[in-house]
Amino acid sequence: MTKMMIGLMRWIMAAMLCLLLSAILYPQPASAAASGTQSGALEKQPPRSRFDEMDLDMNGTVSLKEFLDHERLKFKRIDKNRDRRLTSEEMVLHEKEKRMNQGREAGSRDDRFTQLDSDRSGSISLKEYLADEERKFREMDMNRDRLLIRSEMKKKMQDAQPRKQDGKK
C-alpha cells in the first residue's frame, strides 16, 4: 500500500474511534434517540421561576441588591426607545406582552403609571421605578430580615393575582 492509503486509513480509524468514544461518553436519552434529535441543545429547558432568575448567587434567598439588579434589567427591557424614562405607552406595551405570555387578557395600566410617576413629569425615571420596587421588596419581606425566600415571594405573587367575581383566586 502506498503512504497515502495508509494515511487515509489511519484518519478513518481515528474518526471512527472519536465517534465511538463520543457515543460512550455522551449517550443520548432513549426519547431523543427514538425521535432522532440531539440531546442537550435542542431539548427545551423548563422556564426558570422569577425567584430563580433573581437569586444570582443561588443561595436560596434574594437580597435587596439582587432584587433591584433584576428590576434594573426589567426597566431597560421596558424602555423601548432607550431614553432612560418609561412612557405610558411603553408601560402599556409591556403589560400587554406580559399578559399575553401569561395567557391573560390585556388591560390598561394608567393607574400604575400614575402611581410610579411620583414627580408628575409624564414619564417614569429609573429612580422612581426602583423606589417602588424597593417598597414591594419590603412588603414581601415578611420576617424583615432583608432577604426574600421563595415562600415570601410566592405568597406576594398569589396575593397579587386578580380575583374572580365570586371572591376566589
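**Entry 1**

I began with Met16, which is exposed at a relative accessible area of 54%. I note at the outset that the model is predicted. Met16 belongs to helix α1, spanning residues 3–25. I then looked for nonpolar surface around this residue and found a patch of about 470 Å², made by Leu8, Trp11, Ile12 and Met16.

**Entry 1. Overall make-up**

I counted eight helices and four strands in the protein. Read from the N terminus, the order of elements is α-α-α-β-α-β-α-α-β-α-β-α. Of the 169 residues, 23% are buried. The accessible surface amounts to about 12900 Å², and carbon and sulfur atoms account for 59% of this area. I also checked contacts between residues at least 6 apart in sequence: 43% of them join residues at least 24 apart.

**Entry 2. Helix α4**

I compared the length of helix α4 (residues 64–78) with expectation. I listed the buried residues of α4 as Glu66, Phe67, Leu68, His70, Glu71, Lys74, Phe75 and Ile78.

I took His70 of helix α4 as one case. His70 counts as buried because its relative accessibility is 12%, under the 20% cut-off. Beyond residues up to four places away in sequence, His70 touches Arg50, Glu53 and Met54.

With neighbours within four places in sequence left aside, Leu86 is in contact with Phe75, Ile78, Asp79, Met91, Phe113, Ser123, Ile124 and Tyr129.

**Entry 3. Salt bridges**

I searched the whole structure and found 13 salt bridges. In one of them, the side chains of Arg50 and Glu71 meet at 2.8 Å, N to O. Arg50 lies in helix α3 and Glu71 in helix α4, so this pair ties together parts that are 21 residues apart in sequence. Arg50 is partly exposed at 28% relative accessible area, whereas Glu71 is buried at 0%.

I next examined Glu133 and Arg112, whose closest N and O atoms are 3.4 Å apart in a salt bridge. This pair links distant parts of the chain, with Glu133 in helix α7 and Arg112 in helix α6, 21 residues apart. I found both Glu133 and Arg112 to be buried.

Glu139 and Arg135 form a further salt bridge, with 2.5 Å between the closest N and O atoms. Both lie in helix α7, four residues apart, about one turn of the helix. Glu139 is partly exposed at 37% relative accessible area, and Arg135 is partly exposed at 34%. Through shared partners, salt bridges join Arg112, Asp132, Glu133, Arg135, Lys136 and Glu139 into one network.

**Entry 4. Positive phi angles**

I recalled that most residues other than glycine have a negative phi. Met58, although not a glycine, has a positive phi of about 50 degrees. I located Met58 in the loop between α3 and β1 (62–63), and Met58 is exposed at 69% relative accessible area.

Arg146 also is not a glycine and has a positive phi, of about 65 degrees. I placed Arg146 in the loop between α7 and β4 (147–148), where Arg146 counts as exposed at 62% relative accessibility.

Conventions:
Residues are numbered from 1 along each chain as its sequence is written. This is a predicted model: local features need pLDDT of at least 70, side-chain atom pairs count only at pLDDT 80 or more; totals for chains, interfaces and linings use all residues. Side-chain values use heavy atoms; hydrogens and water are left out. Patches are made of residues with over 30% relative accessible area and no salt bridge: like charges are joined within 9 Å, nonpolar side chains (Val, Leu, Ile, Met, Phe, Trp, Tyr) within 5 Å. Accessible areas come from the Shrake-Rupley method with a 1.4 Å probe; for residues, only the protein chains shown count as cover. A salt bridge is a side-chain nitrogen of Lys or Arg within 4 Å of a carboxyl oxygen of Asp or Glu. Helices (H or I, at least four residues) and strands (E, at least two) are DSSP runs, numbered from the N terminus. Buried means under 20% relative accessible area, exposed over 50%, partly exposed in between (1.4 Å probe, protein chains only). Contact means heavy atoms within 4.5 Å.
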